[in-house]
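Hi there,

Here is the structure I promised to pass on to you.

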Amino acid sequence: MSERQGPHPVTAPSADSARAALEALRGEISKAVVGQDATVTGLVVALLCRGHVLLEGVPGVAKTLLVRALAAALELDTKRVQFTPDLMPSDVTGSLIYDNRTAEFSFQPGPVFTNLLLADEINRTPPKTQASLLEAMEERQVTVEGTARKLPDPFLVAATQNPVEYEGTYPLPEAQLDRFLLKLQVSLPSREEEIKVLSRHAEGFDPRDLTAAGVRRVAGPAELDAARAAVAKTSVSPEVAGYVVDICRATRESPSLSLGASPRGATALLSTARAWAWLTGRDYVTPDDVKALALPTLRHRIQLRPEAEMEGVTADSVISSLLAHVPVPR
């Protein structure tokens, strides 16, 4: 006879229960943030792909609140860094502090040691500090004085930038933009949504108190692990892989672009399409999944020619045009 199990055996969640938990995120976040379903989906896709997100939107569209609500619904640790011109790399990664009692240096972790890091207005800090995030984002570790220190898992950087204010900013270089899996545009709410926002505030909603707003945990690291394992099993046919490559190669040949999507961009598009396919309940990727994620995955990886920009051409319009012309596999 086998030994009796404890009262609470730990079992890993199934793929279906993990999907249901992640789908419930929208409902929880909507208790704090009105609308922005596409942005929430993008953040979930990034978590599934172990990627990072660049959030672009004018001030006051709840970018910070969105990340805080996501962290609360997933019961993950979150920290916020306000990027400023005088911010030093050690202010993000941490530094060695001399301890008078032990006469030794000890490492003081920076805010990057968290699950969800909100890098607010990342383009307001000089390139040296922006670059301090590169190792953390790519290698998921921080090296200080030759010693590498692992970051927690999951780890996601959600960086925000203001698309209309350029004075005193340092545009992100292409190498760093390419490290972001997705660039999500946080739009202004519709009239009905804005009325709902005002009604909530009139009823006493406090964006600093998510518990009072009713935001509760609906998923966590275990569900994310189960979901990631299921996404990894989502099949991709050679025809769909070829479609991803054809789209990215078309950006390199576009007369409107001076820089097209790199092979890293193609890999990112395949990853996000797989995550989206799994979230929608399938274990295989279709061309429609690729189309659905093409804009947020590629818009920051291409560069417009100055003459095209002067004519009002946008990155999104170029990608949309290419999607309309690249042959779709049957």
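**The second pocket**

Helix 7 (residues 191-202) supplies the largest share of the lining of the second largest pocket, with five residues. Helices here are DSSP runs (H or I, at least four residues), strands are DSSP runs too (E, at least two), and both are numbered from the N terminus. The volume of this pocket is about 370 Å³. Its lining has 18 residues, and Gly 60, Val 61, Ala 62, Val 197 and His 201 are the closest to its centre. A pocket is an open set of points on a 1 Å grid over the protein atoms alone, where a 1.4 Å probe fits, with protein on both sides within 12 Å along at least five of seven lines; lining residues have an atom within 4 Å of a point. Grid points are joined across faces, edges and corners, and the volume is the space filled by probe spheres set on the points.

Before you read on, please keep in mind that this is a predicted model, in which local features need pLDDT of at least 70 and side-chain atom pairs count only at pLDDT 80 or more, while totals for chains, interfaces and linings use all residues. Residues are numbered from 1 along each chain as its sequence is written, and side-chain values use heavy atoms, with hydrogens and water left out.

Five strands make an open sheet in the order 2-5-8-1-9, with parallel pairing. Strand 2 (78-82) and strand 9 (182-185) are at the edges with a single partner strand each, so one side of each has no neighbour in the sheet. From one strand to the next, the twist averages 20 degrees. Two strands count as paired if DSSP finds at least two bridges between them.

Strand 8 (residues 156-161) runs parallel to strand 1 (residues 53-56), and four bridges join them. Here Val 53 has Ala 158 as its bridge partner, and Leu 54 stands opposite Ala 159. Strand 8 also pairs with strand 5 in the parallel sense, over four bridges, and there Ala 158 is the bridge partner of Leu 118.

How is strand 8 placed in the structure? Six of its six residues are buried (under 20% relative accessible area with a 1.4 Å probe, protein chains only; exposed is over 50%, and partly exposed in between), so strand 8 is largely enclosed by the rest of the structure. Leu 156, Ala 158 and Thr 160 point one way, while Val 157, Ala 159 and Gln 161 point the other way.

Helix 3 (residues 63-74) lies across strand 1, strand 2, strand 5 (116-120) and strand 8, and runs at about 175 degrees to strand 5. Such angles run from 0 to 180 degrees between N-to-C directions, with axes fitted to C-alpha atoms, for helices over the stretch in contact.

Glu 56 lies in strand 1 and counts as buried at 15% relative accessibility. Leaving out residues up to four places away in sequence, Glu 56 touches Gln 161, Pro 163, Lys 183, Leu 184, Gln 185 and Val 186; contact means heavy atoms within 4.5 Å. Glu 56 and Leu 184 are 128 residues apart along the chain, with 6.2 Å between their C-alpha atoms.

**The hairpin**

Strand 3 (residues 94-99) and strand 4 (residues 104-109) pair in the antiparallel sense over six bridges. Four residues lie between them in this hairpin, and Ala 103 in the turn has a positive phi of about 60 degrees.

**The cores**

The largest nonpolar core has 73 residues, and Leu 22, Leu 48, Trp 278 and Val 290 have the most contacts inside it. A second, separate core of 23 residues includes Val 81, Ile 122, Phe 155 and Ala 159. A nonpolar core is a set of buried Ala, Val, Leu, Ile, Met, Phe, Trp, Tyr and Cys residues joined through side-chain atoms within 4.5 Å.

Best wishes
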